[in-house]
Amino acid sequence: MNRGKIANGVYFSSLDGNFRKSRLMITLRTPISRDNLTETALLPYLLERGTKTYPDMTKLKRRLDSLYGSELYTSASSYGYSRILSASIAGVDAKLVGVSGLSLRRAELLYDILFNPSVSEKGFDEKNTAIEKEKLRETIRSEINDKRVYALRYANRLFFDGDLRALPPNGYEDDIDKINGESLYKAYKKFVKSASIEILYCGSEQDKVRELMTKLFDSEKNGTHKMIAPSKAVGYADSVDKRLVMDVEQDKFVMMMTPGRELDEKELRSLQLACAMYGGAPMSRLFRNVREKQSLCYYCAARVSTESGAVTVDSGVDHSNAEKLKNAVIYELEQLQKGEFDDEEIEQARIYIINTLDGVADTAEGTTSWYLNSILRLGKIITPSEVADTYRSVKREDIISAFNLLKPSVRLLLTGEED
Amino acid sequence: MNRVELPVPGECYYEYTHKSGLKVLVFPTVGKRSTFAIFGAKIGSTTSDFMLGNRRCHVPSGTAHFLEHKMFEGEKGDAFTLFAETGASANAFTSFDRTCYLFETTGMEEQSLKTLIEFVRSPYFTDENVDKEQGIIGQEIRMYDDNPDWQIMMGLFGLLYHNHPIKYDIAGTVESISELTPEILYDCYDAYYRPDNMVLVVVGNISPERVEQICREMLDIGRKASKNKVRPIKIDEPDTIVDKEFVKKMDISMPQFMFGYKEKPIDNDISKNELLCDMLLTLIAGETSPLYRKLYDSGLVNQSFGFESSSGNGYFYTAFSGESRDPRAVAVEISKAIAKMKNNGISKSRFEECRRRFLGDILTSLDSQDSVASNMSAFYFKNYDFCDIINSIKTVTADDAEKVLAGLFRENMSALSILEPIDKEI
């Protein structure tokens, strides 16, 4: 994938693979802040209400249908110390339906959704703003519905306590009433002006799409793009043990661990390999021993955050076995930290990860997501094959070192039992 | 192998029938690294009563799903360990009508394919390993007990169906799976895991000839098919519903609903009828419909609003679901919109836009090997293929849709399943 600057603070990357589905994604990024958190969360809702050309929500959706059922996805999210406003459009590739210029029509529409929203001189339509504020309120409240996800988010907030990364991506309900169409438009303009922009495209007609984007972003060159603080690890501290009582049939256990310091690329990949051995793959210790041998749970998995290096384990367990499960999760980690594993386990984890990595470029979704993550994390493109080479270079001692960096930071049990 | 051309430039697949009766479908993809394979059997959670030879068999709810779990454990070890040697990512799923075993890999495709065929052909059930699995599946059932979407769907099925096993959880209950024994599992295996009741689909980086050769090598090993063919016993399900409304409390933020209709099972022209039903749902309640806009702007639904249909072994339902502060009001509005469309007919221009969306959707599904494999296996068990569905999308008319509409969404066959937040002390 080639990445090049097309305007001040605007980068365009594209890949013309053999895709039957093309995807264009535009991502705006500014430093995360408590001040405009909720307003940013509300923006995707308003942006989907209409553009200058298609000011009515239904007409905009009908336009998407007419472009062979194009899928529009808008979101506000956070990554490290970045606040991200993103929109993507995907659909059948132009060459498959033989419609020249289809990619350009989609690109124009996506640009308009992000940069030419339907607004009056005062700002976003007040009636639409009021409707969408309620939708955001419902989204914030609905966080409790899926208890597995809720437990993970709750643990994450405890893990990053006191850090901007603890801020909820959907913002705060208390902020909603203070927002109106005018204030939201001001926040929107400020966000757009200060954002650095990444455009990623996978599909045919890529030269034409690049040319169009270059032309459209020519007028955006006066923006002032704020620097974003680099990610950092959470330091070691006493582990927080939290018990949360809710109405559930099955307890949800989450344990988060920190490596205590920033990791270089080789250390990060060593930790990912270690994590695959621990609980990130079907041949892992947690799957084989905790699920299959002890029958304690249906799921028990571990994963690494590439942003912070945090390792999260989560599982659902019968309340009577919760303590047993917690001990089993810790026991398996301690065994691995002592180096109680053989080379076959390393090779199985390595081949599993590299196998998955090799398939990233097969779809437009996989490709754009991979490269965006690479840019957000490193500020540059790193290819799956480069990362695969790093995995190949990881040795047994690197894995033991990675395991031994981990110290528990949060242990959360969401339970239905009051005891 | 027979080459089958899709009505899309440059797309084709190959099909052949092994002497055992197994249907093999291969969809080679150019320029992709991944290979995705599915080995599926036509047995799902709605499989409950059947004749095996002269013997009548009844299996507890959750049997097909339990079998799926147990197939990964062989006499010489588990399948995950074998797949670990190739780096392939393996999994399985059980739906109402089928059970599928699958892997995805970017290397050692042939070895992975051999492993897939071998482990699915080699059941190994013992008292000990059956007992062990009950603990794991018990926790899977508990996980779904905490899932509002699943609970609301099971609530609706309980309203729509008197006897049909679709009303039971795919994984069964802790009680029903405690009845399972190795003998029941072997009966079920012998009845439904016969090659002539199965399909093997391979999509990706492998030649059709090589797949054919591997099938020849591998299908002679493993458990021999029973001489007794299975004869499913027809489920006695009256054309009435059980009740109109179900309400359950859960720890959720706002009410959730699923409003559904019990439809008459589709018995002919399945691909066309299923397609028209899905197009009608889109026209009635999709994002471009007047109903959606009215519900959304009045605050009665949010982005979680959606709809679905599913048809199979003696069942067919259509449903609308989402979060709402007033589910009963949503159900009234949906009924009104359906009645209006039945009276006024379907707008030709909206039907054409809908056709274009469906064509775009089916063509984009060709981009992902797992979608292609999953669709091909699902289509095969319903006796159609990609060509049928693409041709149907291109040729159906608004008149066809109106004819189908007349028989769908019968008012006396509708029911509403509601989840309400539990009352909390403030």
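**Exercise 1. A charged network**

Which residues are linked with Arg291(A) and Glu292(A) in a network of salt bridges?

Solution. 
- Work in the predicted model, as for every exercise here.
- Start with the pair in chain A. The side chains of Glu292(A) and Arg291(A) meet in a salt bridge, 2.8 Å from N to O.
- Check their accessibility. Glu292(A) and Arg291(A) are both buried.
- Now follow the links into chain B. The network also takes in Lys70(B), Glu73(B), Lys132(B) and Glu133(B).

**Exercise 2. The interface between the chains**

Describe the contact of chain B with chain A: its residues, its area and its polar links.

Solution. 
- Count the residues. Chain B brings 66 and chain A brings 59.
- Take the area. About 5,500 Å² is buried between chain B and chain A. Carbon and sulfur atoms give 49% of this area.
- Turn to the charged pairs. Nine salt bridges cross the interface. Lys252(A) and Asp146(B) form a salt bridge, with their closest N and O atoms 2.8 Å apart.

**Exercise 3. The side of chain B that touches chain A**

Which helix gives the most to the side of chain B that touches chain A?

Solution. 
- List the helices of chain B that each supply at least two residues to this side. They are α2 (79-84), α4 (127-145), α10 (290-297) and α12 (348-365).
- Pick out the main contributor. α12(B) gives the most, with 10 residues.
- Sort the residues of this side by type. The division is 20 nonpolar, 23 polar and 23 charged.

**Exercise 4. Two hairpins in chain B**

How many residues lie between β15(B) and β16(B), and how many between β5(B) and β6(B)?

Solution. 
- Pair the strands of one hairpin. β15 (residues 306-312) and β16 (residues 315-323) of chain B run antiparallel over seven bridges.
- Find a bridge. Ser311(B) has Phe316(B) in β16(B) as its partner.
- Inspect the turn. Two residues separate β15(B) and β16(B) in this hairpin, and Gly314(B) in the turn has a positive phi of about 80°.
- Repeat for the other hairpin. β5 (residues 49-52) and β6 (residues 55-58) of chain B pair antiparallel over four bridges.
- Find a bridge here. Asp49(B) is opposite His58(B) in β6(B).
- Inspect this turn. β5(B) and β6(B) also have two residues between them, and Gly53(B) in the turn has a positive phi of about 65°.

**Exercise 5. Buried or exposed?**

Is His164(B) buried or exposed, and which residues of helix α7(B) are buried?

Solution. 
- Locate His164(B). It is in the loop between α5 (148-160) and α6 (174-178) of chain B.
- Apply the cut-off. Buried means under 20% relative accessible area. His164(B) has 0%, so it counts as buried.
- List the contacts of His164(B), leaving aside neighbours within four places in sequence. They are Thr46(B), Ile235(B), Glu237(B), Asn313(B), Gly314(B) and Tyr315(B).
- Move to α7(B). Its buried residues are Pro182(B), Leu185(B), Tyr186(B), Asp187(B), Cys188(B), Tyr189(B), Asp190(B), Ala191(B) and Tyr192(B).
- Draw the conclusion. Nine of the 11 residues of α7 (residues 182-192) of chain B are buried, so the helix is largely enclosed by the rest of the structure.

Methods: Residues numbered from 1 in each chain as written. Chains lettered and ligands numbered in written order. Predicted model: local features only at pLDDT ≥ 70, side-chain atom pairs only at ≥ 80, totals over all residues. Heavy atoms only, no water. Contact = heavy atoms within 4.5 Å. Buried area = accessible area lost by both parts, 1.4 Å probe. Salt bridge = Lys/Arg side-chain N within 4 Å of Asp/Glu carboxyl O. Polar contact = N/O pair within 3.5 Å; in protein donor to acceptor, adjacent residues only side chain to side chain. Nonpolar A, V, L, I, M, F, W, Y, C, P; charged D, E, K, R; others polar. Pairing = 2+ DSSP bridges. Buried < 20%, exposed > 50% of the residue type's maximum accessible area, 1.4 Å probe, protein only.
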